[in-house]
Amino acid sequence: MQEIGRNELCPCGSGKKYKKCCANKVVNIETILVKDQMDLQLGFLNEAMAPKQSSYKKDYEHVLQEVQDVFNEPQFLTVFLTYIFGLHGKPSSWEQFLEERIPSVERPRLKELLENWQHPQPVIAEVTEMEELTREVEMKDLISGESYRVTIPEFHSWAPIDYLFTLLLPFEEKWVPFGFMFPSVYTKKEAAALKSRVENLADDRNEWITTEGVVDVITAIIAREEAESDSWIDQMTEPLQSDLQKEALHELKSFWDQRDEELSLFACHITSAYFAEHGAKVRKPSTYLATFSYLMAQHATELPMTQKEAGEAFDVTASSVSSTARKVEEWFVGELEELKKQS
């Protein structure tokens, strides 16, 4: 890589000298652009849409009422819908916002991106890969089969059992989400039924972001037949390379089925995501079974267990549980909060 002189123009496109711009920042231009576009979207939410919320009152109420039996998270859904309602109308609030903001954008590369952002692309896709280091997720469209490489915010983390309804914006050779990503968890067997429901949605994807269309999409990706819930553990173990980790996940399910069956899916989902991300670094899966069980009991139940109890359940020491918990608790809590939004 060619070294940048301190008096040369900064490659971020700000027009400033490198020494007065990004010389002392341990970030690359893509990281800067990701942050800038997130700030821009947040500005759209707070400055352009918040004052107009009363205009969409009937739309909010209709969607919340129609989907409450399958998805009763009004706070998350309200923010998710605010971005979507910002795409209604001709010109939409989002188009007007971009038209006003683009002239004042200083970075040429960001300005070039925004010129093609008037119409976010609706997608329902399965997650096929997640790279924590780069914050990138590989997604495959359930209908077209097209693949998308998406750079996501730090507060999101997805695994190959996640399916997402989102709107995508082109980001040079990749994509970024517009607003929030609407998630649901499915096993391989369940995914066939999900795909069938998605294929019955309107052919014109612009219909997906109408008020009625959003109801149809949420119902399609969240509602499930009773028969679909039989076996999800096989899908969770499928992406794992280690037989030890696969066996460990079944052991964890058995433990939580006895302790609190409703939390069994949560515990296994979080553990499988961790195993998938860290692979061979997880040399003793039982330590993580005990640690995640301890953290699950602490953060998701009214009957917490001690580190000693968690260790005894999986034949590891309390000190191992303690040291591992310190390393993973912040990550665990973030994963748990995301799962709670989906439940």
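Student: Where is the place of Glu-172?

Tutor: Welcome! This is a predicted model, in which local features need pLDDT of at least 70, side-chain atom pairs count only at pLDDT 80 or more, and totals for chains, interfaces and linings use all residues. Residues are numbered from 1 along each chain as its sequence is written, and side-chain values use heavy atoms, with hydrogens and water left out. Helices (H or I, at least four residues) and strands (E, at least two) are DSSP runs, numbered from the N terminus, and Glu-172 falls in the loop between β4 (162–171) and β5 (174–177).

Student: Does Glu-172 count as buried, partly exposed or exposed, and why?

Tutor: Buried means under 20% relative accessible area, exposed over 50%, and partly exposed in between (1.4 Å probe, protein chains only). The phi angle of Glu-172 is near 55°, a positive value in a residue other than glycine. Because its relative accessibility is 43%, Glu-172 counts as partly exposed.

Student: And Asp-315, is that residue buried or exposed?

Tutor: Asp-315 belongs to the loop between α12 (307–314) and α13 (318–342). Its phi is near 60°, a positive value in a residue other than glycine. With 68% relative accessibility, Asp-315 counts as exposed.

Student: How far apart in space are Ser-319 and Gln-307, C-alpha to C-alpha?

Tutor: Ser-319 has its place in helix α13, and at 52% relative accessibility it counts as exposed. Ser-319 and Gln-307 are twelve residues apart in sequence, while their C-alpha atoms are separated in space by 7.9 Å.

Student: Let's turn to helix α3. How far apart are its end C-alpha atoms?

Tutor: The expected span of a helix is 1.5 Å times one less than its number of residues. The twelve residues of α3 (residues 74–85) should therefore span 16 Å, and the end C-alpha atoms agree with this, at a separation of 15 Å.

Student: Which two residues does a cis peptide bond join?

Tutor: Look along the loop between α3 and α4, where Pro-91 lies. With omega at about -5°, the cis bond joins Lys-90 and Pro-91.

Student: What is the arrangement of α1 and α3, and why?

Tutor: Two packed helices are described by the angle between their axes and the distance between the axes. Axes are lines fitted to C-alpha atoms, for helices over the stretch in contact, and angles run from 0 to 180 degrees between N-to-C directions; under 35 degrees counts as roughly parallel, over 145 as roughly antiparallel, 65 to 115 as roughly perpendicular and the rest as oblique. For α1 and α3 the angle is about 85° and the axes are 11 Å apart. These two helices are therefore roughly perpendicular.

Student: Which residues of α1 and α4 meet?

Tutor: Helix α1 (residues 29–49) and helix α4 (residues 93–101) pack at about 115° with their axes 11 Å apart, and they are therefore roughly perpendicular to each other. Contact means heavy atoms within 4.5 Å. From α1 come Leu-40, Gln-41, Gly-43, Phe-44, Glu-47, Ala-48 and Met-49, and these meet, in α4, Ser-93, Trp-94, Phe-97, Leu-98 and Arg-101.

Student: How do the residues of the contact of α9 with α10 divide?

Tutor: The axes of helix α9 (residues 243–260) and α10 come within 8 Å and cross at roughly 160°, so the two are roughly antiparallel. Ala, Val, Leu, Ile, Met, Phe, Trp, Tyr, Cys and Pro count as nonpolar, Asp, Glu, Lys and Arg as charged, and the others, Gly among them, as polar. Among the residues that meet are Leu-252 and Trp-256 in α9 and Ala-267 and Phe-275 in α10. By class, the contact of α9 with α10 divides into seven nonpolar, four polar and three charged.

Student: Which residues is Tyr-274 in contact with, leaving aside its neighbours within four places in sequence?

Tutor: Tyr-274 has its place in helix α10 (residues 264–278), and it counts as buried because its relative accessibility is 9%. Beyond those neighbours, Tyr-274 is in contact with Val-282, Tyr-288, Phe-292, Val-328 and Trp-331.

Student: Last one: does Thr-151 count as buried or exposed?

Tutor: Thr-151 is found in strand β3 (residues 147–151). Leaving aside neighbours within four places in sequence, its contacts include Glu-30, Val-34 and Trp-175. At 6% relative accessibility, Thr-151 counts as buried.
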